[in-house]
Amino acid sequence: MNEYDSDKIRSLLGMELTNDPKKADVVIINTCAIREKADQKAFSSLGRLKHLKFRKPNMILGVGGCVAQLYGERLLENFPHLDIVFGTRTITLLPELISRVEREKRRMVETSFDVEEVFEFEPYHEEGKVTAFVSVQQGCNKMCSYCIVPLVRGQETNRSVEDILRETQKLVQKGVSEITLIGQTVNSWKMGGYKFGDLLKIMAEIEGLFRIRFTTSYPRDVTKKLIDAIREVPKVCHHIHLPVQSGSNRILTKMGRTYTREWYIDILKRIRDAIPDMAITTDIIVGFPGETEEDFNDTMRLLKEVEFDGTFSFKFSPRPGTPAVEFIDIVYDEIASRRLMELQAFQSEITVKKNQSRVGQIEEVLIEGESKNDPSWVTGRTSHNRVVNFLGMIDIRGKLERVIITEGFQNSLRGRLLENNLEVSHVS
Ligand code: 5AD
């Protein structure tokens with residue numbers, strides 16, 4: 001979501017890009033507030049730019065996104081060298097804010113939620129990139145006790161089918177073959193009479209689009225219609241990111257997650273019964289207030305039972321304005337760290353095992369380009385969102401190719417390109 005917003009900022013400003021703040025006329029820091037560490041990152045980036053602003057007083061320094069939304073005016077007080085604070089729904093006002101700073105020689109804050117058109121501007125797209133995000137939703141209506149998103153991104157606002165299609169079509173014309181639909185709870189999207197499963201089917205009609213992904217899904221909004229759409233529409237990838245957060249019913253209740261462990265396991269069973277090769281990944285929070293060793297073991301047992309293809313796991317971080325910040329039965333950091341390490345080590349074994357189980361299989365891989373580390377390697381992803389690297393010299397970027405898997409690692413697979421059912425190896 002942040003990446004998408006940053007690309008929107010780039011496209012709105014229409015300026016030449018530089019990675020070197022010393023060369024920039026305008027420096028914009030886009031921020032995330034999901035955990036405390038993200039806040040700190042924003043503050044230290046701002047702090048680092050103090051000297052530069054002192055030397056280049058005409059340089060305009062702005063901060064946007066969730067941290068800006070959260071602290072607003074207070075950022076101007078704490079960072080005297082800051083010119084602009086804009087929020088999550090006021091990105092489109094940024095060019096106007098910049099010219100007002102230049103004209104009126106004063107600092108500006110604009111963090112209202114009342115801005116009508118949050119989807120109006122389409123993001124910058126790097127030439128040659130074959131994958132892209134399309135936002136279908138802003139904000140969130142769930143009430144998870146730990147989460148700052150509803151506070152900083154507002155209530156759920158869904159985008160119209162026409163807008164989503166228009167943006168996707170433009171991207172496909174630019175050579176994009178894979179679209180990831182994004183929203184905080186993407187599968188709760190609805191518009192007019194349409195539900196998310198319908199949207200997937202409508203998207204699949206777009207010619208030239210090969211693959212559709214979506215993230216992040218909310219467990220309670222996984223419907224039969226959605227499962228059917230994933231099964232029936234070949235362009236929809238077989239991967240769902242479905243955060244469970246905890247395997248303990250006591251903790252799930254305190255988190256306000258609206259499902260039980262048993263309910264979650266049942267929905268996974270329904271998904272897997274319908275789509276046996278579905279890859280399932282999740283998010284876990286450890287050290288939530290009141291989490292006992294027994295609660296944590298419930299989470300570990302869930303991981304063992306379910307065997308996720310991957311997990312993102314975090315230590316609980318108290319966020320201002322959320323209900324959980326008031327919970328006093330805190331878990332000591334040492335304990336939370338130990339639990340996080342244990343969980344990650346355990347999941348690693350499962351991930352490696354699952355990746356190795358692909359060896360010998362033929363996978364359809366969308367070729368994204370050269371591998372970052374070595375240009376003689378080509379990289380792409382499977383429908384299950386696994387990264388595959390193979391030796392190759394031909395430019396087949398944007399194409400779906402068949403690759404036989406030869407090795408499985410922690411974060412990727414290695415394979416060999418198949419051509420017309422014959423194996424050929426491209427060795428440089
Ligand atoms: N502390 C730790 N992790 C959090 N997440 C959201 N809020 C918090 C918090 N206060 C995690 C959840 C969510 C992911 C995006 O970030 O696991 O799914």
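I started at the ligand, where a backbone N or O atom of Tyr146 lies 3.0 Å from a nitrogen atom of the ligand. I count that as a polar contact, a pair of N or O atoms within 3.5 Å; within protein, one must be able to donate a hydrogen and the other to accept it, and residues adjacent in sequence count only if both atoms are side-chain atoms.

Before going on, I noted that this is a predicted model, in which local features need pLDDT of at least 70 and side-chain atom pairs count only at pLDDT 80 or more, while totals for chains, interfaces and linings use all residues. Residues are numbered from 1 along each chain as its sequence is written, and side-chain values use heavy atoms, with hydrogens and water left out.

**Entry: around the ligand**

Which other atoms sit by the ligand's nitrogen and oxygen atoms? I found a backbone N or O atom of Ser317 at 2.7 Å from a nitrogen atom of the ligand. Arg35 uses its side chain: a polar atom there lies 2.9 Å from a ligand oxygen.

**Entry: the domains**

I looked up the domain assignment, and it gives domain 1 (2-110), domain 2 (125-237), domain 3 (241-357) and domain 4 (362-423). Such bounds come from an automatic or database assignment. The C-alpha centres of domain 1 and domain 2 are 28 Å apart.

How many residues of domain 1 and domain 2 are in contact? Eleven from domain 1 meet 16 from domain 2, with contact meaning heavy atoms within 4.5 Å. The buried area there is about 1,100 Å², and carbon and sulfur atoms give 53% of it. Buried area is the accessible area (1.4 Å probe) that two parts lose on being put together, summed over both.

I also found six residue pairs in polar contact across this interface, both partners at pLDDT 80 or more. On the domain 1 side, α1 (2-13) and α4 (66-71) each supply at least two residues. Helix α1 gives the largest share, four residues. Helices here are DSSP runs (H or I, at least four residues) and strands likewise (E, at least two), numbered from the N terminus.

**Entry: salt bridges**

My rule is a side-chain nitrogen of Lys or Arg within 4 Å of a carboxyl oxygen of Asp or Glu. The whole structure has 38 salt bridges, and one is counted between domain 1 and domain 2. Asp5 pairs with Arg153, their closest N and O atoms being 3.1 Å apart. Arg213 and Glu178 form another, at 2.9 Å from N to O. That pair links distant parts of the chain, 35 residues apart: Arg213 is in strand β11 (residues 211-215) and Glu178 in strand β8 (residues 178-182).

I noted a cis peptide bond between Thr215 and Thr216, with omega about 0 degrees. Thr216 is in the loop between β11 and α10 (224-232). Lys105 is not a glycine, yet has a positive phi of about 50 degrees. I placed Lys105 in the loop between α6 (94-104) and β4 (108-110).
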